[in-house]
Amino acid sequence: MRWQGGRRGGVEDRRGGGGGMGPVAGGGGLVLVVVALIGYFVFGIDPQTIMSAGSQSAPTSDVQASTGTPGDEEGQFADVIHTSANDTWQALFQSEGKDFRPSTIVLYTQGTPTGCGMGEAAMGPFYCPADEKVYIDLDFFRTLDNQLGAPGDFAKAYVIAHEVGHHIQKLEGTSDAVSRQEQRLSKAGANALSVKLELQADCYAGVWAKRANDKEHWIEAGDIDEALGAATAVGDDTLQEKAQGRVVPDSFTHGSAAQRTQWFKAGFRAGDPADCRTFG
């Protein structure tokens, strides 16, 4: 993926700052990330629920952070992809005469306060609608490479674009509508709505990939396969099989590997958000 010439809009870099949770004990951070991700995807644990349970919503103003372009390659990559995703959606919103607020990407190490409570690296990348920020500990990329079996730059780009997709759902009111409906449904019904929300974010990642490539021409041979590999690796059925040796569709919260790849491809096919009607 030829991303190095992409525009950089800046990040909020808290790595090594005051928001850390301290060393991860027992077994190594990457192992715990995989265990937590399996718990998240298999058992339907929402990161916001985990954060709220762990602490009250914490102010972020006291966190030591630098804002701007990171000096390291991983940080620059996250900056370029996130900026590209914001630019793509801003253009789409403006073409429809709608206001757009860009999301912010926060790089942190191990843990950090967020508008949704305390965020931890073991939850993987996540979007907090309360402060409209995407949070990621970049060690997750090594987990994606080494333990989830989804290597490559475009796999990482898919992850960031998916989280920005949740920001678009916040701006469109979709995520708030789903939250209200989930409160009136059974666990299985709420899970089914969650799957539709996540698959739409996958489709939105495909929309970004198509439109960004049309503009930047940075996709190389094998890049789309890397994105599809990441979507497969975090499919509910893939992770359930790893965790418990069996698949329980009623407990899906993000969609199967086949569904996640299907909807990414649906967005990538024409780069049209109208093709992302996962709610039917």
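Two strands pair if DSSP finds at least two bridges between them, and helices (H or I, at least four residues) and strands (E, at least two) are DSSP runs numbered from the N terminus. This is a predicted model, in which local features need pLDDT of at least 70 and side-chain atom pairs count only at pLDDT 80 or more, while totals for chains, interfaces and linings use all residues. Residues are numbered from 1 along each chain as its sequence is written, and side-chain values use heavy atoms, with hydrogens and water left out.

**View 1. The open sheet of five strands.** Welcome to the sheet, which is open and has 5 strands in the order β2-β1-β3-β7-β6, with mixed pairing. Its edge strands are β2 (66–68) and β6 (126–128), each pairing on one side only. On average, neighbouring strands are turned by 25 degrees against each other, direction ignored. Helix α5 packs on this sheet and touches β3 (104–107), β6 and β7; its direction makes about 25 degrees with that of β6. Here, contact means heavy atoms within 4.5 Å; axes are lines fitted to C-alpha atoms, for helices over the stretch in contact, and angles run from 0 to 180 degrees between N-to-C directions.

View 2. Strand β6 and strand β7 (residues 133–136) run antiparallel and are joined by 3 bridges. Look for Phe 126, whose bridge partner in β7 is Tyr 135. In the loop between β6 and β7 you will find Glu 132, which has a positive phi of about 60 degrees although it is not a glycine. Glu 132 counts as buried, at 13% relative accessibility; buried means under 20% relative accessible area, exposed over 50%, and partly exposed in between (1.4 Å probe, protein chains only).

View 3. Strands β4 (residues 111–114) and β5 (residues 117–120) pair in the antiparallel sense over 4 bridges, and a hairpin joins β4 to β5 through 2 residues. Pro 113 stands opposite Met 118 in β5. Gln 110 lies in the loop between β3 and β4. Although Gln 110 is not a glycine, it has a positive phi of about 70 degrees. Gln 110 is partly exposed, with a relative accessible area of 26%.

**View 4. Pro 125 and its surroundings.** Pro 125 has its place in the loop between β5 and β6. With a relative accessible area of 9%, Pro 125 is buried. Not counting residues up to four places away in sequence, Pro 125 touches Tyr 135, Ile 136, Phe 140, Val 159 and Glu 163. Between Pro 125 and Val 106 the separation is 19 residues in sequence and 10.0 Å in space, C-alpha to C-alpha.

**View 5. Helix α5 against helix α7.** Helix α5 (residues 153–172) and helix α7 (residues 187–216) pack at an angle of about 115 degrees, with their axes 7 Å apart. Residues making the contact include Phe 154, Tyr 158 and His 162 of α5 and Leu 197, Tyr 204 and Trp 208 of α7. By class, this contact has 11 nonpolar, 5 polar and 3 charged residues. For these classes, Ala, Val, Leu, Ile, Met, Phe, Trp, Tyr, Cys and Pro count as nonpolar, Asp, Glu, Lys and Arg as charged, and the others, Gly among them, as polar.

**View 6. Helix α7 against helix α10.** The axes of α7 and α10 come within 6 Å and cross at roughly 40 degrees. Among the residues in this contact are Leu 199, Cys 203 and Gly 206 of α7 and Trp 263, Phe 264 and Gly 267 of α10. The contact of α7 with α10 has 11 nonpolar, 3 polar and 4 charged residues.

**View 7. The nonpolar cores.** A nonpolar core is a set of buried Ala, Val, Leu, Ile, Met, Phe, Trp, Tyr and Cys residues joined through side-chain atoms within 4.5 Å. The largest has 56 residues, and those with the most contacts inside it are Met 1, Trp 89, Phe 154, Tyr 158, Trp 208, Trp 218 and Phe 264. Apart from it lies another core, of 8 residues, among them Tyr 108, Ala 121, Phe 126 and Cys 128. Leaving aside neighbours within four places in sequence, Phe 264 is in contact with residues including Phe 154, Tyr 158, Ile 224 and Leu 228.
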